[in-house]
Amino acid sequence: MASILSVRGISKTYAGGHQALGTIDLDVAEGEIFALLGPNGAGKTTLISIICGIVNASSGTVTVDGEDIIKGYRHTRSTIGLVPQEISTDMFERVIDTVALSRGLFGKPRDDAHIEKVLRELSLWDKRFAKVQELSGGMKRRVMIAKALSHEPKLLFLDEPTAGVDVELRRDMWELVRRLRDGGATIILTTHYIEEAEDMADRVGVISGGKLILVEEKTALMKKLGRKSLHVTLSEPLGAIPAGLSSWSLTLADDGHMLDYQFDAHAEDTGVSALLSRLGELGIGYKDLNTEESSLEDIFVDLVHRPAREAAA
Ligand SMILES: Nc1ncnc2c1ncn2[C@@H]1O[C@H](COP(=O)(O)OP(=O)(O)O)[C@@H](O)[C@H]1O
Ligand SMILES: [Mg+2]
């Protein structure tokens, strides 16, 4: 499918000399939900701000819907909707006015029916005549989303959309994201709630220290890096791992009461059955067995911390 977003050689060094982004290349296909995962300070907001034309890049180009974001500014701006990390809107305006005005700012003709639809979808219709400042934090966030949707963007950015929001809004938001995607929109979200990326995204990019260290289909990523652990609860504790078990990568835990075996969940032969029969041969009894699959979270933590560990080694 065609790219709606192409990022080529984008870097950013802020005034003062801090390099927030290395050289970033990224393509996002039309209709995708793309999750950008990374710890605080990784450069997520900087990258989004460059694509949205709020921050100037130090080098590189960005193409949105076939147009360069600088030369084709008017078109790319109206193609993009941004729900920023921080709530920023005119607090003294009424909800309906701030949302309708936002549509106008993107050069779209007035469309009361669309504004009503957006407000209803976000459960804001009853509050449409309230001033923004009178609303709770969660409702203010809904207003930010309504503003971003006011001009029917093809490419929607959600920067940490669920950080600090209540469960209800989070659920509503994901329902809305799915509906928007079903309607043909492309969604790029940043998060450090990994379960969300796991749930929602088609593809995941991991950003750390201003570098995109990995971009992968979510399912392929989980498959490629997926590991399982087998936990064997022993009948009698062991003081050390017996020599007869040296062909498996094992660790002892829980004061010798638990034997843990890490294996590649997708290997032809995981080594589990051979391990269990060897335990039998050695007369090592066990009371319980259970396995655990690594989540995207384990993979993410591993990836983000690996460069630091390698640098330290
Ligand atoms: N306006 C700015 N001036 C200088 N440094 C900035 C500015 N905005 C962000 N930074 C720095 O750039 C890095 C990346 O920040 P940011 O893009 O906000 O990361 P994230 O959104 O992943 O938390 C951080 O080290 C941050 O302190
Ligand atoms: Mg941020």
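1. Leu 119 has these contacts (heavy atoms within 4.5 Å) beyond its neighbours within four places in sequence: Val 95, Ile 96, Val 99, Leu 124, Trp 125, Arg 128 and Ala 146. This is a predicted model, where local features need pLDDT of at least 70, side-chain atom pairs count only at pLDDT 80 or more, and totals for chains, interfaces and linings use all residues. Residues are numbered from 1 along each chain as its sequence is written, and side-chain values use heavy atoms, without hydrogens and water.

2. Leu 119 and Ile 187 touch the most other members of the largest nonpolar core, which has 44 residues. Such a core is a set of buried Ala, Val, Leu, Ile, Met, Phe, Trp, Tyr and Cys residues joined through side-chain atoms within 4.5 Å. Buried means under 20% relative accessible area (1.4 Å probe, protein chains only). Helix α5 (residues 137-149) gives this core its largest share, seven residues. Helices are DSSP runs of H or I, at least four residues, numbered from the N terminus.

3. There is a second, separate core of 26 residues. Val 7, Leu 21, Ile 24 and Leu 155 are among them.

4. The domain assignment, automatic or from a database, gives domain 1 (3-223) and domain 2 (227-293). Their centres, taken over C-alpha atoms, are 46 Å apart.

5. The lining of the largest pocket comprises ten nonpolar, five polar and two charged residues. Nonpolar here covers Ala, Val, Leu, Ile, Met, Phe, Trp, Tyr, Cys and Pro; charged covers Asp, Glu, Lys and Arg; the others, Gly among them, are polar. A pocket is an open set of points on a 1 Å grid over the protein atoms alone, where a 1.4 Å probe fits, with protein on both sides within 12 Å along at least five of seven lines; lining residues have an atom within 4 Å of a point.

Definitions and conventions: Chains lettered and ligands numbered in written order. Buried < 20%, exposed > 50% of the residue type's maximum accessible area, 1.4 Å probe, protein only. Helix = DSSP H or I, 4+ residues; strand = E, 2+ residues; numbered from the N terminus.
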